Amino acid sequence: MGERVTTPQPVSAGGLLDLIRSGRANTRAALQRATGLSRSTVGQRLDLLNRAGWLRHTTGTSTGGRPSERIAFDPTHASVLAVDLETRHARAAVLDLTGTIIAEHTGPLDITEGPDHVLDHVTRWFPDLIAAAGADPSRVCGVGLSVPGPVDWEVGRVVEPPIMPGWDRYPIRERLQDAYARHVGASLEAGPVPVLVDNDANLMALAEQQANHRDCCAFVLVKVSTGIGAGVVVDGHVYRGIDGGAGDIGHIRVHDRADALCMCGSYGCLAAVASGRALAKELSGADGNAASGSDVRRLLAEGHPDAIRLAREAGRRVGEVLVTVVTLLNPGVLMLAGDLSGVPFMTGVRELLYQRAMPRTTANLQIVTSRLGDHAGLIGAATTVVEHLYSPARADARLARILTQSGRP
């Protein structure tokens with residue numbers, strides 16, 4: 001039998017947009033070379049993108065002949081709303097399509113009060129945020145939500161979250177869409193506003209990798225706050241595992257603390273002995289006045305000696321687990337983030353990693369701390385929305401709807 005011959009499919013308008021957004025082709029000639037399409041076909045595809053308002057055009061530098069027209073994605077034609085839920089507070093922001101924060105609000109919010117209260121509460125912030133950003137509510141193209149628990153990405157639901165009672169398999173996407181419709185109104189397109197939900201460490205990892213380590217093809221971020229979790233980015237894409245459980249290192253068992261009860265109900269988990277919650281529990285009995293990871297962060301900033309000692313010990317605990325993570329994934333960058341990610345904690349991580357891991361494993365490893373800080377979750381949530389909505393297939397579907405609604409064939 002002969003080999004099956006597959007005929008390449010012509011590149012759509014969404015495919016051209018992908019080339020433009022990535023910087024692989026930013027002139028008509030470059031788009032023709034990259035796709036093999038004729039000049040007229042490229043022109044027709046670009047016309048669709050222009051009519052939707054997704055592109056901007058500038059004149060390039062002349063090299064003696066006629067200056068070439070440069071084509072770029074216009075990040076101001078729409079806005080994204082992002083929400084980052086922590087255990088005791090939340091952040092929300094309006095961002096443009098490059099992930100630049102235009103307006104932001106932070107307020108206290110207890111995640112244990114349940115999804116109905118929390119989602120309705122943060123959605124009430126949206127109208128003022130949109131107004132503060134000077135954005136058009138009809139041009140909000142999506143909402144990204146960061147949560148401190150494992151998420152089934154395909155359905156947008158949290159699955160068995162240890163520190164989010166009442167959230168297990170709750171229909172977050174649908175509830176947030178309903179609340180958005182009540183408090184804000186219509187989105188750019190007819191129907192419910194698109195809502196994407198993911199784990200906080202995943203979104204922080206994506207934001208940090210895209211912003212500061214784009215050339216790193218294997219990137220790991222470890223967030224240590226009230227809980228402990230990791231986000232993994234491989235070749236520019238978040239690795240979530242088969243059902244969103246990848247990176248949940250806080251529930252790996254440590255060998256010598258079988259007495260430590262974790263929020264998940266098991267004993268001996270890493271989070272039960274090395275998280276911000278675990279340290280706060282120890283410090284509360286040592287005149288530290290701590291109840292959460294954010295309180296431990298404050299004590300570390302104040303130079304509290306017991307907080308510094310415990311943070312270094314916690315770093316060694318986490319470093320013991322990261323020896324296996326680094327050996328398995330061989331990342332180029334290991335980033336530490338969250339309330340505990342200061343010098344004492346990093347020192348403990350480094351001690352264990354360099355002591356236990358093979359030199360070959362750490363020879364090209366950078367161990368760094370977060371560059372985006374408290375904004376990483378917001379930027380990652382917005383980035384996920386943009387990558388989702390402007391992927392080639394979804395961009396084509398959205399173009400068809402936008403042009404039909406505008407009365408243009």
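**Strands, a sheet and a pocket**

Visitor: Which residue of β14 does Met-335 stand opposite?

Guide: Met-335 stands opposite Val-368 in β14. The model is predicted, so local features need pLDDT of at least 70 and side-chain atom pairs count only at pLDDT 80 or more, whereas totals for chains, interfaces and linings use all residues. Residues are numbered from 1 along each chain as its sequence is written, and side-chain values use heavy atoms, with hydrogens and water left out.

Visitor: Why are β13 and β14 said to pair?

Guide: Two strands (DSSP runs of E, at least two residues, numbered from the N terminus) pair if DSSP finds at least two bridges between them. Strands β13 (residues 333-337) and β14 (residues 366-369) share four bridges in the parallel sense, and therefore they meet the criterion. Strand β10 (residues 218-224) also pairs with β13 in the parallel sense, over five bridges, and Lys-223 has Ala-337 of β13 as its bridge partner.

Visitor: What makes β13 a mostly covered strand?

Guide: Five of its five residues are buried, that is, under 20% relative accessible area with a 1.4 Å probe and protein chains only. Val-333, Met-335 and Ala-337 are buried on one side of β13, and Leu-334 and Leu-336 on the other, so that both faces are covered.

Visitor: How do you know which strands are the edges of the five-stranded open sheet?

Guide: The sheet has the order β5-β4-β3-β6-β9, with mixed pairing. Strands β5 (101-108) and β9 (195-199) each pair on one side only, which makes them the edge strands. Seven bridges join β5 to the antiparallel strand β4 (residues 89-95), and Ala-92 stands opposite His-105 in β5.

Visitor: What makes up the lining of the second largest pocket by class?

Guide: The lining has 16 nonpolar, 13 polar and nine charged residues. Ala, Val, Leu, Ile, Met, Phe, Trp, Tyr, Cys and Pro count as nonpolar, Asp, Glu, Lys and Arg as charged, and the others, Gly among them, as polar.

Definitions and conventions:
Buried means under 20% relative accessible area, exposed over 50%, partly exposed in between (1.4 Å probe, protein chains only).
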